[in-house]
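Try each task before reading its solution.

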Amino acid sequence: MIHDFRYVRPERLDEVLDLLSDRGEKGCVFSGGTDLFVDIRAGMTTPDYVVDLKGIESLHHLSFDKKEGLSIGACVTVNELIQHEAVKKHYSILAIAGRELASHQIRNRATVVGNVVTASPCGDMASPLLCLDAEAVILSNKGSRNILLSDFVTGVKSTTLRPDELVEKIIVPSRMIDATGGYKKLKRIRGHDLGVVSVALLKRKDTLRFAISSAAPTPVLLPDFPPSASVEEVQAAAQQAISPIDDVRCSREYRAFMVNVFIERLMKGAE
Amino acid sequence: MVRITVRVNGKEYTREVVESRTLLHFLREDLSLTGTKEGCGAGECGACTVILDGQAVNSCLILAAETDGSTIETIEGEAKNGKLSRMQEAFHNHHAVQCGFCTPGMIMTIKDLLRRKPKPSRDEIIDGIEGNFCRCTGYEQIIEAVLDVTGQLGKKEGLRHVR
Ligand code: FES
Ligand code: FES
């Protein structure tokens with residue numbers, strides 16, 4: 001690598017929390033490394049040391065329980081999530097969206113929690129998780145707190161996570177197991193590219209819920225709609241809520257246009 | 001520096017390695033296994049794909065230090081005693097190699113795909129290699145090579161018959 005750093009692999013959670021609370025040197029925690037090592041190589045971050053979380057058994061935990069819901073530990077990879085039977089059965093929107101994240105090789109390493117914590121506006125996991133009312137469980141030496149993901153992500157690559165804190169897991173409530181849904185993503189090249197814009201739809205008996213990524217600094221969750229809502233109604237609300245930009249990947253107008261296209265395709269069940 | 005022991009293509013290596021060194025650079029520079037290529041160095045092109053503990057991964061985004069105790073398969077493990085593996089043979093027969101830069105990563109990705117899905121459909125092959133760029137072949141020859149090696153190519157299909 002262009003920048004040199006030390007590597008530590010603790011085996012206990014309290015060791016990680018101790019490292020994080022010591023502000024002497026700059027440390028970065030990671031599991032998959034698919035965002036961190038790209039940033040280090042590009043000179044965008046220069047840690048003194050990196051902390052590999054994979055040595056901590058409990059963070060690999062992925063489980064489903066009819067009462068507690070789905071629990072996704074910090075080291076659970078995207079492929080582990082989308083191949084999990086309970087996810088395919090009860091939270092299909094996560095399996096559909098996860099399948100769109102980068103390539104098989106990346107999904108073997110990249111974690112669900114990492115994708116949310118990186119808080120890139122074009123991450124694939126945040127919008128379906130927002131629709132599902134998912135919460136992050138955050139630990140530090142001072143205790144733990146739970147926060148709804150819709151309150152957790154505050155801007156482009158920014159969250160309410162303090163430097164001494166670690167996201168231990170994400171919990172998806174069990175009341176969402178009846179939901180179905182879809183996810184549409186525009187990208188320039190299959191498997192290689194970041195999302196240009198994407199829309200997630202979660203359908204429940206009494207509500208339709210949409211979340212949009214890459215069209216504002218954070219993923220945008222629209223207010224709930226009744227199942228009888230018209231395509232135009234949802235499109236109008238979406239255009240109000242987003243604030244897309246022009247960038248190297250596409251223009252503002254094209255992003256706004258594709259949001260409407262995806263809303264229509266999702267509502268009509270089209271490919 | 002950290003001391004790591006890895007098993008690469010069945011052979012065990014113990015080395016002192018710089019902590020910030022990627023698995024890709026460790027293989028190429030410390031072990032002189034230069035079959036694995038570096039394209040982008042950023043997880044986009046798949047040229048650096050190796051199989052790490054049974055999973056296809058981009059070795060440019062993994063630290064060598066993370067792989068202590070692991071089993072790694074690379075392109076150097078394919079040919080045995082000067083004889084190409086079946087997949088290499090199929091790539092050769094179907095002109096699936098032009099400049100060859102993507103080939104080592106492509107073959108490792110397909111090897112992993114066939115372990116999970118021994119008879120992938122054309123669409124499953126296309127999905128399976130979505131993380132591997134090829135700037136030469138247009139992918140068609142690669143897809144035909146995989147269809148052939150899995151016994152799914154008709155007699156007159158692909159390039160086998162012109163040889
Ligand atoms: S060199 Fe690793 S993905 Fe391109
Ligand atoms: S053969 Fe040249 S990149 Fe694939």
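Two exercises on this predicted model follow, each with a worked solution.

**Exercise 1. Describe how helix α3 of chain B packs against helix α5 of chain B.**

Solution. 

Step 1. Locate the helices. α3(B) covers residues 103–116, and α5(B) covers residues 140–149.

Step 2. Take the geometry. Their axes come within 12 Å and cross at roughly 40°.

Step 3. α3(B) passes α5(B) in a right-handed crossing.

Step 4. List the contact residues. α3(B) supplies Met106(B), Ile110(B) and Leu114(B). α5(B) supplies Ile142(B), Val146(B) and Val149(B).

Step 5. Six are nonpolar, none is polar and none is charged.

**Exercise 2. Describe the contact between domain 1 and domain 2 of chain B.**

Solution. 

Step 1. The domain assignment puts domain 1 of chain B at 2–77 and domain 2 of chain B at 86–149.

Step 2. Count the residues in contact. Domain 1 of chain B gives 17 residues, and domain 2 of chain B gives 13 residues.

Step 3. Take the buried area. The two domains of chain B bury about 1200 Å² between them. Carbon and sulfur atoms carry 61% of that area.

Step 4. Find the main contributors in domain 1 of chain B. Thr49(B), Ile51(B) and Ile75(B) lose the most area to domain 2 of chain B. Together they make up 37% of what the domain 1 side buries.

Terms used: Residues numbered from 1 in each chain as written. Chains lettered and ligands numbered in written order. Predicted model: local features only at pLDDT ≥ 70, side-chain atom pairs only at ≥ 80, totals over all residues. Heavy atoms only, no water. Axes fitted to C-alpha atoms, helices over the stretch in contact; angles between N-to-C directions. Helix = DSSP H or I, 4+ residues; strand = E, 2+ residues; numbered from the N terminus. Left-handed = near helix turned anticlockwise from the far one by under 90°. Contact = heavy atoms within 4.5 Å. Nonpolar A, V, L, I, M, F, W, Y, C, P; charged D, E, K, R; others polar. Domains from an automatic or database assignment. Buried area = accessible area lost by both parts, 1.4 Å probe.
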